[in-house]
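Please look through the structure below before reading the numbered points. They are meant to be followed with the model open beside them.

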Amino acid sequence: MVRLIILGLAFFWTGGPAFGKLSDLGREPEWENLGKFQETFTKEEFMRKLREVYCPREEWWKPWVSVGEKEARIRKRTGSDQWYVLRFCEQNQSVSAGEPPSKISGMKIVLDPGHIGGDFSEMEGRHFAFDGDDPVKEGDLALSVALRLRTRLKAKGAKVFLTRKENKPVTSQKPDDFKDLADLWAEGLNLNPRPSEEDRREAISKRRDLYFYRVSEIIARSEIIREIQPDLVLCLHLNAAPWPNPERKSLVDRNDYHVLVNGCYMGGELAFDDQRFEMIRRLLSRWDETERVWAENLAVAFAETTGLPDFAYSGPNALKIGGVDGVWARNLLANRIFEAPVVFLENYVAN
């Protein structure tokens, strides 16, 4: 049991050695694509966004970002002395994202129903049932919401797209495609004492599945979004609470909501070259301004309509954004690599 617990902890570990590396299945950063942002930010605006949205602790960003009076230098590769130089301007050259349009007519909106559901809900860990009842599957519920929302948004003149229209994967890859990568991951754990062979095989199997449903699936959806180039992406999810007694499951006495924007990159995450690049790209794109305004309006509307309380994070992986209750910043794969303003809805508690 002890070895299984240790292996489980290592399964979710995101640290790494101090040399150039990418997140699992991550793309090599294309720093040259940031050239259009040269001399569009003052030092003051750059620092404000860095501290208030993207990385609140200086000890997290300082190994990777060096800020002078006229430029910021971002380390391109972990452990190297290669830097991307971003020149500041004396007065901002780009127009702020500002307020959202008063009408959504003509907007391109992508609805991303969270998870896969269907036959994959148990693999995803988004599935529960009691006493032979039909199971509750978050992926199925998210798609149901997306289909209803698409109809209502179209009636208001929006151009609406879905990343998936059924409870099946978008990615063409399969869990077995990641067997070698999962084996390589297990070899790098260096656990002492070594887990049993049975525990090791179980952990590798789970890691292989995770690459499939959590990483490859989201990357496939990001390709759809890149083709559409939407004004806004809404990721539709339901929250879940820990079971009061995992051995004897019962519904929790809790229901709430929260809304997420991209941000709050932690030090271990910035050690990955691709995550560091994506943080800078999103900061320079000023997508945080659009995300915050939409997130705040959605949070207010949801609170007024349902009367539910907002959920508040207590750990370092989330940052409270703005003055509206229920709006937080987190660094998630989808809101990091989807190339558009992204708002995550984590409304209601599924269990």
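**Notes on the structure**

1. Glu-39 sits in the loop that connects helix 1 (2-11) with helix 2 (43-54). Helices (H or I, at least four residues) and strands (E, at least two) are DSSP runs, numbered from the N terminus. The phi of Glu-39 is positive, about 60 degrees, although the residue is not a glycine. Most residues other than glycine have a negative phi. With 39% relative accessibility, Glu-39 is partly exposed; buried means under 20% relative accessible area, exposed over 50%, and partly exposed in between (1.4 Å probe, protein chains only).

2. A word on the source. This is a predicted model, in which local features need pLDDT of at least 70 and side-chain atom pairs count only at pLDDT 80 or more, while totals for chains, interfaces and linings use all residues. Residues are numbered from 1 along each chain as its sequence is written, and side-chain values use heavy atoms, with hydrogens and water left out.

3. Where else is there a positive phi in a residue that is not a glycine? His-115 has one, of about 65 degrees. His-115 belongs to the loop between strand 4 and helix 4 (121-124), and at 18% relative accessibility it is buried.

4. Strand 4 (residues 108-113) and strand 8 (residues 232-239) run parallel and are joined by 5 bridges. In this pairing, Pro-113 is opposite Leu-236 of strand 8.

5. Ser-80 is in the loop between strand 2 (71-75) and strand 3 (83-87). Its relative accessible area is 15%, so Ser-80 is buried. A polar atom of the Ser-80 side chain lies 3.2 Å from the backbone nitrogen of Gln-82.

6. Which residues have the most contacts inside the largest nonpolar core? They are Phe-46 and Leu-284, in a core of 56 residues. A nonpolar core is a set of buried Ala, Val, Leu, Ile, Met, Phe, Trp, Tyr and Cys residues joined through side-chain atoms within 4.5 Å. Leaving aside residues up to four places away in sequence, Phe-46 touches several others, among them Phe-41, Val-65, Leu-86 and Leu-284. A second, separate core has 17 residues, including Ile-218 and Tyr-313.

7. Finally, the aromatic pairs, of which there are 13. Rings of Phe, Tyr and Trp (its six-membered ring) pair if their centres lie within 6.5 Å; planes under 30 degrees apart count as stacked, over 60 as edge-to-face and the rest as tilted. Phe-178 and Tyr-211 make a tilted pair, 6.1 Å centre to centre with 50 degrees between the planes. Phe-178 is in the loop between strand 7 and helix 6 (179-187) and Tyr-211 in helix 7 (residues 197-228), so this pair ties together parts 33 residues apart in sequence. Both Phe-178 and Tyr-211 are buried. The pair of Phe-302 and Tyr-348 is edge-to-face, at 5.1 Å and 75 degrees.

How values were computed. Pairing = 2+ DSSP bridges. Polar contact = N/O pair within 3.5 Å; in protein donor to acceptor, adjacent residues only side chain to side chain. Contact = heavy atoms within 4.5 Å.
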